[in-house]
Amino acid sequence: NIHHTASTGKTLKDEAAAILSSLGLDAASLSGGDLSVRSPVTGETLAAVKTISASDAASAIEAAHKAFLAWRLVPAPKRGELVRLLGEELRAEKEALGRLVSIEVGKIPSEGLGEVQEMIDICDFAVGLSRQLYGLTIATERAEHRMMETWHPLGVVGIISAFNFPVAVWSWNAALALVCGNATAWKPSEKTPLVSLATQKLFERALARFRTEGGEAPDGLSTLLIAGRDVGETLVDHPLVPLVSATGSTAMGRAVGPRVAARFGRALLELGGNNAAIVAPSADLDLTLRGVAFAAMGTAGQRCTTLRRLFVHESIYQQFVPRLKSAYQSVSVGNPLDGNLVGPLIDAKAFEGMQAALEAAKASGGTVTGGERVEVEGAADAFYARPALVEMPAQTGPVSEETFAPILYVIRYKGFDEALHLQNDVPQGLSSSIFTNDLREAETFLSVRGSDCGIANVNIGPSGAEIGGAFGGEKETGGGRESGSDAWKAYMRRATNTVNYGRTLPLAQGVKFDV
Ligand code: NAD
């Protein structure tokens with residue numbers, strides 16, 4: 001059978017079904033549905049699952065709202081206990097879920113497991129947070145008064161997620177939303193329903209344990225809506241969804257943002273990036289080579305934080321770029337489950353988009369190394385490509401767009417200010433890096449006149465992040481922040497409270513109003 005993989009001898013379809021069944025999913029739910037699920041690893045069909053209609057999704061959102069009305073009354077540290085149990089279930093099934101991520105999205109095993117580790121980490125973070133969620137006490141101008149702020153949950157948090165972090169993005173949102181006292185309704189990518197079904201099963205296990213321990217949690221707290229864009233739109237338009245957290249392309253955000261705003265809802269947008277790194281004359285080139293190679297070629301260029309533009313100082317260009325090119329020529333491209341470092345693109349459309357960008361780059365004077373399709377045994381219907389390094393004379397043509405594939409545009413620069421200008425001169429603003437040992441350059445890069453991105457790093461590539469920091473970007477990346485720091489505030493509403501504990505009624509600003 002052409003779909004056997006060397007590592008297990010089973011078809012990926014059988015392996016995915018076995019994982020899902022071990023997590024308690026009924027085998028019947030994997031066939032006969034209207035949404036066909038494909039593995040990018042081999043191109044084989046894994047399952048056909050049922051989608052939810054827009055009207056059923058609207059009813060599910062109403063049920064989620066009822067769940068919120070009960071959940072908000074549960075003390076936050078008790079809500080944290082549910083998320084702690086979710087983290088335990090994820091720990092117990094890390095191998096299984098990580099493997100399923102690799103099968104459904106084509107990530108190498110360490111990245112499939114890494115995605116689940118991120119879910120575990122955000123659960124830990126959220127558990128601690130559940131004993132915080134604090135407001136300020138603020139000095140008041142009136143005697144015998146106290147002014148403070150209180151944070152309250154919002155309601156149903158709508159989560160729309162992209163294919164490339166198919167479950168971690170849910171957890172970044174859900175773990176915080178739940179400890180904050182919200183219910184969640186999740187519309188995953190139509191390309192990744194299986195990992196979302198698995199994740200929902202783990203949530204249900206945690207919920208059952210929570211109830212066994214005596215915890216009170218309503219049904220409908222975490223609702224999974226497997227469907228396409230139409231149900232995404234139901235979430236976007238529903239008046240009982242006060243916050244829509246949407247991760248995906250800038251085109252999606254451009255549609256979602258104004259629609260949510262039109263009903264005065266809140267949108268948390270995590271959209272496309274076009275991330276750059278500057279390699280300065282003083283850079284440690286060995287470290288830079290490893291940082292650049294992982295950030296640009298890892299996950300086959302399909303991270304929102306993937307390195308896509310590289311500005312190399314002219315004085316080290318000849319020393320550095322040939323070494324990078326040979327890394328591009330030698331990196332192993334192939335079945336990610338068999339030990340290769342670069343796996344497949346998600347589908348044919350992604351491969352065509354990559355080829356179109358390379359053609360456009362050539363038309364703008366670029367010189368392309370790599371980029372060709374790589375045939376992989378047993379995977380005739382899959383799309384593997386050698387990562388492409390494109391030397392560009394200037395930042396023109398496709399360089400200012402995000403092409404969701406492993407293409408690195410390399411541009412020579414002369415002066416630091418020129419490099420800074422190029423780095424910022426694109427519509428997106430997610431992640432950025434500088435490789436330098438010059439303190440002035442490093443600090444300037446991080447300063448107000450430096451990188452305009454949500455993430456700015458020194459001597460680390462732009463790709464990937466830890467959950468402790470706030471994650472997100474500026475400009476066409478959408479402006480949202482998720483995960484660590486005080487990102488939890490996006491999932492709550494703030495009330496300012498003033499209490500008079502005296503016997504008089506002084507008015508603010510010295511106003512007199514004696515009736
Ligand atoms: P996509 O925009 O095609 O789809 C993302 C999600 O949005 C899917 O669930 C889809 O069904 C839904 N959707 C699309 N149009 C919609 C609409 N009009 N209304 C409601 N829902 C809609 O993105 P993709 O191809 O799955 O993912 C890749 C993109 O996501 C890249 O641009 C990448 O940079 C971005 N991304 C960003 C981040 C981040 O945190 N900034 C993280 C991961 C991915």
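Reply: Ala16, Ile19 and Leu20 of α1 meet Leu194, Leu197 and Ala198 of α7, where two residues are in contact if their C-beta atoms, placed from the backbone, lie within 7 Å. This is a predicted model, in which local features need pLDDT of at least 70 and side-chain atom pairs count only at pLDDT 80 or more, while totals for chains, interfaces and linings use all residues. Residues are numbered from 1 along each chain as its sequence is written. The residues of this contact divide into six nonpolar, no polar and no charged (Ala, Val, Leu, Ile, Met, Phe, Trp, Tyr, Cys and Pro count as nonpolar, Asp, Glu, Lys and Arg as charged, and the others, Gly among them, as polar).

Helix α1 covers residues 12-22 and helix α7 covers residues 193-212, and their axes come within 10 Å and cross at roughly 20°. Helices here are DSSP runs of H or I with at least four residues, strands are E runs of at least two, and both are numbered from the N terminus; axes are lines fitted to C-alpha atoms, for helices over the stretch in contact, and angles run from 0 to 180 degrees between N-to-C directions. Helices α1 and α7 are therefore roughly parallel to each other (under 35 degrees; over 145 is roughly antiparallel, 65 to 115 roughly perpendicular, and the rest oblique). The crossing of α1 with α7 is left-handed, meaning that the near helix is turned anticlockwise from the far one by less than a right angle, whereas clockwise is right-handed.

A second pair, α10 (residues 285-297) and α11 (residues 314-330), packs at an angle of about 45° with axes 11 Å apart, and these two helices are therefore oblique to each other. Helix α10 passes α11 in a right-handed crossing, and the contact is made by Leu285, Leu289, Val292 and Ala293 of α10 together with Ile316, Gln319, Phe320, Arg323, Leu324 and Ala327 of α11. By class, this contact has eight nonpolar, one polar and one charged residues.

Helix α2 (residues 54-71) packs on α8 at an angle of about 35°, with their axes 9 Å apart, and the crossing of α2 and α8 is right-handed. Here Ala54, Ala57 and Ala58 of α2 touch Asp230, Val231 and Thr234 of α8, giving four nonpolar, one polar and one charged residues by class. Helix α8 also gives the most to the shell around the ligand, with four residues.
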